[in-house]
Amino acid sequence: TLYSVARYRLDPLPEYGIFLPGREPFRNRIVTVAYQDERPVAFGAMVWLPLRLHATAQDVLHLGLVVTTPNRLSPNLLWQMYYFPVFYVVLRRFPRPFWISCVSLEPSVIGAVSDHFPSTLPNYRDHRPSNGVRTEIARSLVRDHGHEFGAGRDAVLDEETLVIRGSCRGPSEALRTSYRRAAKYSVRACNEWCRDLLDYERGDELLQLGRADAFRGIGLGVMRRLKGR
C-alpha cells in the first residue's frame with residue numbers, strides 16, 4: 001500500500017525510514033494511510049523521538065514524510081495526515097505537552113504547518129531567529145536523528161534560520177526538487193519566502209518546531225475543521 005502511493009510520486013524511492021528493509025523503522029513511527037474509493041491516495045509516517053538535552057529531556061513528534069498522489073496537500077488530507085494522529089498523541093499524553101517538528105522543502109507543507117500549528121517557528125508570517133531550547137532541540141534532531149528524516153551526512157544546520165543546508169544530499173535525494181516543481185501553498189507570500197530562504201539546487205530543507213498540547217497549536221486546527229474552514 002505505502003509503496004504503491006510512493007512509486008506514483010517518487011522514483012527512485014528514498015533510502016531511509018519506512019523504505020528500509022525490515023520492521024525496525026516502524027518501531028517508533030505512526031503511519032497513516034488515506035483512501036479514496038478504496039484506493040490509497042496518501043500516507044504519512046510520523047516519528048516519535050525522545051531527546052536528551054543538556055538540562056532536560058524533551059519529547060518530539062516529527063511530522064515526517066507525507067506522500068500524496070495529488071500534487072497538493074488538501075485541507076482534507078491535512079486533517080488525516082497531521083491533525084488526527086497528532087491529536088491522538090495529545091490525548092494519549094494529556095496533560096503532558098510535547099514538541100512537533102517538520103522538515104520539508106515543499107512550500108505546500110511548510111505553509112500548512114505554519115498556518116495550522118500556530119506555535120510553530122519559523123513560519124512565513126514570523127521570521128524570528130531561533131534561540132534557547134528550540135535551538136537545542138533543532139541541533140539534537142539534525143545531529144543525532146538526521147537519519148530519521150533522511151538528512152545527508154554533510155547536512156549543516158543554520159541555527160538562526162533553522163535551514164538545513166544540503167539536507168536532501170543523501171538518503172532523501174529522491175525528494176530533492178527545484179522550486180519550480182515544488183508543490184506550492186495557497187498563500188503567495190509563503191511560496192516567495194521559501195524561494196528566497198531555501199537553496200533548492202543545494203537541497204536545503206526547513207526545520208520547523210512548535211509545542212503541542214490540548215489547547216495550544218492543536219486546538220485552533222480542530223476548531224477550523226469543525227467549522228468547515
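Modeller: One definition comes before the rest: strands are DSSP runs of at least two residues, numbered from the N terminus, and helices are H or I runs of at least four. In this predicted model, Asp37 is found in the loop between E1 and strand E2 (39-52), and the place of Glu38 is likewise in the loop between E1 and E2.

Colleague: What makes the phi of Asp37 worth a remark?

Modeller: Most residues other than glycine have a negative phi. Asp37 is not a glycine, and yet its phi is positive, at about 55°. Glu38, also a residue other than glycine, has a positive phi near 65°.

Colleague: Why is Asp37 called exposed?

Modeller: The label requires over 50% relative accessible area; Asp37 has 74% relative accessibility, and therefore counts as exposed.

Colleague: And why does Glu38 count as exposed?

Modeller: The cut-off is again over 50%, and because Glu38 has 79% relative accessibility, Glu38 counts as exposed.

Colleague: How do you know that the peptide bond from Asp11 to Pro12 is cis?

Modeller: Its omega is near 5°, and the bond is cis, whereas most peptide bonds are trans. Pro12 has its place in the loop between helix H1 (2-9) and strand E1 (29-36).

Colleague: What is the omega of the peptide bond from Leu121 to Pro122, and where is Pro122 found?

Modeller: That bond, from Leu121 to Pro122, has omega near -10° and is cis; Pro122 is found in the loop between helix H3 (107-116) and helix H4 (132-145).

Conventions:
Residues numbered from 1 in each chain as written. Predicted model: local features only at pLDDT ≥ 70, side-chain atom pairs only at ≥ 80, totals over all residues. Heavy atoms only, no water. Buried < 20%, exposed > 50% of the residue type's maximum accessible area, 1.4 Å probe, protein only.
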